[in-house]
Amino acid sequence: MKLKELQSNFMDALLQQRVSNSISALSETLTENGQLSALQRIQIYQNAYRSRLFSTIDSDYPALGSLLGDDLYNPLVNTYIDQHPSESPSLNNFGAKLPAFIRTFEPICHQEIVIELCDFEWQLRETFNAKNAKALLPEYLQSIEDTRWPTLTFQLSPGFALKYFNVNTCDVWKALKEGDAPDIHATEHPTAWIIWRRDLITQFQSIETDEACLLELVAKGHSFEQLCEALLEWWPEEQVPQRAFQLLQHWLSLGLLT
């Protein structure tokens, strides 16, 4: 048997694809070793590989398993592994499709807290792994010439995300991380949350509706003048410049802008 064929049979057996043919061909190349049969030795590799994939999901979604419990979590992860096998030598993004997959998985696809918590945990991971960028300092605003303000645009830090949650998802996450039983309840209105990384610490906080709207516009490249126009929906015209400048100072203090 050629090396390439041997490797192919081993991977097929490992991934449990074309099982009977692959295992049969692979078994013929294995020598006897003590009391373990060739099939048992192959199964050791299969179980170890699957266990590694399972532990990757555990690491990426540490609170999700605590929320669901083993009876729901284990079938979820096993089905995900079956339907979304690893396609890369790196497991860095193996769990990336779980937030979308969980929306289709019975019997939890209709549980909003499960969907939002899964999405939140993956975003925390994505934000933490985002590339580095130097944040603007609050003093930056003082260096801007008056004539530049109307057309001024800003860039959000890498990994920044704006999420809207219908459940107290972040409070539930905190409780689960601390080993406490979470108090799960729907919010009166969808709550906007920002997630970003400062230095090596991922952070998140809730924000008001007008701030969320402006951050969406910033992400789309809208100018300072357009931001002020948007604020007219919530603030009297004479208070708009003050509110806009206040938000810019706040974002700079958090390290949101680069």
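# Reading a sheet, its helices and its cysteines

Modeller: In this predicted model, 3 strands form an open sheet, ordered E1-E2-E3, with antiparallel pairing.

Colleague: What holds the strands of a sheet together, in general?

Modeller: Strands of a sheet pair through backbone hydrogen bonds, and the pairing is either parallel or antiparallel. Here strand E2, residues 186-198, pairs with E3 in the antiparallel sense over 7 bridges.

Colleague: Which helix lies across E1, E2 and E3?

Modeller: Helix H7, residues 112-128, lies across E1, E2 and E3 and runs at about 160° to E1.

Colleague: Is Glu188 buried or exposed?

Modeller: Glu188 is found in strand E2. With a relative accessible area of 74%, Glu188 is exposed. Glu188 and Phe128 are 60 residues apart in sequence, and their C-alpha atoms are 30 Å apart in space.

Colleague: Now the helices. How are two packed helices described?

Modeller: Two numbers are used: the angle between the helix axes and the distance between the axes. Take helix H9 (residues 209-219) and helix H11 (residues 240-254), which pack at an angle of about 75° with their axes 11 Å apart. That angle makes H9 roughly perpendicular to H11. On the H9 side, Asp210, Glu211, Leu214, Leu215 and Val218 make the contact, and on the H11 side Arg243, Leu247, His250 and Trp251 do.

Colleague: How many residues of each class are in the contact of H9 with H11?

Modeller: By class, the contact has 5 nonpolar, 1 polar and 3 charged residues.

Colleague: Which residues of H9 are buried, and what do they pack against?

Modeller: In H9 the buried residues are Asp210, Glu211, Ala212, Leu214, Leu215, Leu217 and Val218. The buried residues of H9 pack against the strands E1, E2 and E3, and also against helix H10 (224-231) and H11. After H9 comes Gly221, whose phi is positive, near 85°.

Colleague: I would also like to check the cysteines. What is a disulfide?

Modeller: A disulfide is a covalent bond between the sulfur atoms of two cysteines. A search of the whole structure finds 0 disulfides. Cys118 is in no disulfide, and the nearest cysteine sulfur, that of Cys109, is 13 Å away. For a pair to count, the sulfur atoms must be within 2.5 Å. Cys228 is likewise in no disulfide; for Cys228 the nearest cysteine sulfur is that of Cys213, 12 Å away.

Colleague: Are Cys118 and Cys228 buried or exposed?

Modeller: Cys118 is buried, with a relative accessible area of 0%. Cys228 is also buried, with a relative accessible area of 15%. The cut-off for buried is under 20%.

Colleague: How far apart are Ser51 and Asn78 in sequence and in space?

Modeller: Ser51 and Asn78 are 27 residues apart in sequence and 9.8 Å apart in space, taken from C-alpha to C-alpha.

Note on methods:
Residues numbered from 1 in each chain as written. Predicted model: local features only at pLDDT ≥ 70, side-chain atom pairs only at ≥ 80, totals over all residues. Heavy atoms only, no water. Axes fitted to C-alpha atoms, helices over the stretch in contact; angles between N-to-C directions. Helix = DSSP H or I, 4+ residues; strand = E, 2+ residues; numbered from the N terminus. Parallel < 35°, antiparallel > 145°, perpendicular 65-115°, else oblique. Contact = heavy atoms within 4.5 Å. Nonpolar A, V, L, I, M, F, W, Y, C, P; charged D, E, K, R; others polar. Buried < 20%, exposed > 50% of the residue type's maximum accessible area, 1.4 Å probe, protein only. Pairing = 2+ DSSP bridges.
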